[in-house]
Amino acid sequence: MLIFTKVDALQSWISIEKNHGKTIGFVPTMGALHTGHISLIEVSKSANDYTLCSIFVNPTQFNDPSDLAKYPRPFDTDVQLLVQASTDILFYPPVDEIYPADFKDVEVDLNGLDQVMEGIHRPGHFAGVVKVVNRLLDIVKPHKLYMGQKDFQQFTIIRQMIQYLQLPVKLEVCPIAREKNGLAMSSRNTRLSKEGRELAGLIYQVLMEGKKLKISLGPQELVNHCLQKLQIPAFTPEYFSIVDSSTLLPIETWDAAVRPVACVAVWLEGVRLIDNEYYD
Ligand code: AMP
């Protein structure tokens, strides 16, 4: 695997390969890699000549400085996992390569997609995500961009950014990789105790129970029911919303045409966990 830390060196390599007609699939990450990240790499490998993974813990998307400080950075293990997955290139830049002194941010109209759910609880988070993904896409200029359904609002916002800026890249969204008990894999799970990881399986159970109950309950009743199920002593649920998967606005009646999706955020042992499931 080739490892680049400098933008110029990476771009020289990419332009040579692109001139030879090679296609590039791009998987941006913040490291602390797990099976979910590796599943994106595998999908990219099956569809592109080269798969490039980036590891960059983006300071501009952390609204909570202690979350940034505590974010796991197991670089050597990450490299091993990437090599095992036969990743072609790792881009591992320092902060000043991504945000040099002359860095200019772009304005993107997010159509209100950043004003709901995560946006309410993590002010400034999506502005940081848009900033870094746009910058990374500008550097790498991949043919395809791979993101996980795990971060539903994130990929929806990036899809809007791509449309708004008319970027020449195709977004591919990959399914959520889960632990045996249903807990969505996340780098932050390493901060949970063994008991916490077990308890956290309840989030997926509630999402699935809600999906079954949609025959008998309306969306708002179902939201109340699911929030109640999440009220166990260890959990502090932040939101449970059933939304139109395009606008991310809450739905009032079931309408398959808007592909409803249930999105949830819960605090457990000082760790914020998110998950989602389509309710169609
Ligand atoms: P992160 O390192 O958390 O920024 O995640 C990098 C990419 O991996 C994002 O597109 C995430 O949505 C995706 N991802 C994270 N967790 C999972 C998972 N459990 N299953 C699938 N994709 C995931």
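Modeller: Helix H2 gives the shell around the ligand its largest share, three residues. Helices (H or I, at least four residues) and strands (E, at least two) are DSSP runs, numbered from the N terminus. This is a predicted model: local features need pLDDT of at least 70, side-chain atom pairs count only at pLDDT 80 or more, and totals for chains, interfaces and linings use all residues. Residues are numbered from 1 along each chain as its sequence is written, and side-chain values use heavy atoms, leaving out hydrogens and water.

Biologist: Which elements each supply at least two residues of the shell around the ligand?

Modeller: They are strand E2 (24–29), helix H2 (35–47) and strand E5 (144–148). A residue is near a molecule if one of its heavy atoms lies within 4 Å of it. Of the 17 residues around the ligand, Met30, His37, Asp151, Ala177 and Met185 come nearest.

Biologist: Which polar atom of Met185 lies 2.8 Å from a nitrogen atom of the ligand?

Modeller: A polar contact is a pair of N or O atoms within 3.5 Å. For Met185, a polar backbone atom lies 2.8 Å from the ligand nitrogen. The side chain of Asp151 places a polar atom 2.6 Å from a ligand oxygen, and a side-chain N or O atom of His37 is 2.9 Å from an oxygen of the ligand.

Biologist: How does one read the packing of two helices?

Modeller: Two packed helices are described by the angle between their axes and the distance between the axes. Axes are lines fitted to C-alpha atoms over the stretch in contact, and angles run from 0 to 180 degrees between N-to-C directions. Helix H1 (residues 7–19) and helix H7 (residues 125–140) pack at about 50°, with axes 9 Å apart.

How values were computed:
Polar contact = N/O pair within 3.5 Å; in protein donor to acceptor, adjacent residues only side chain to side chain.
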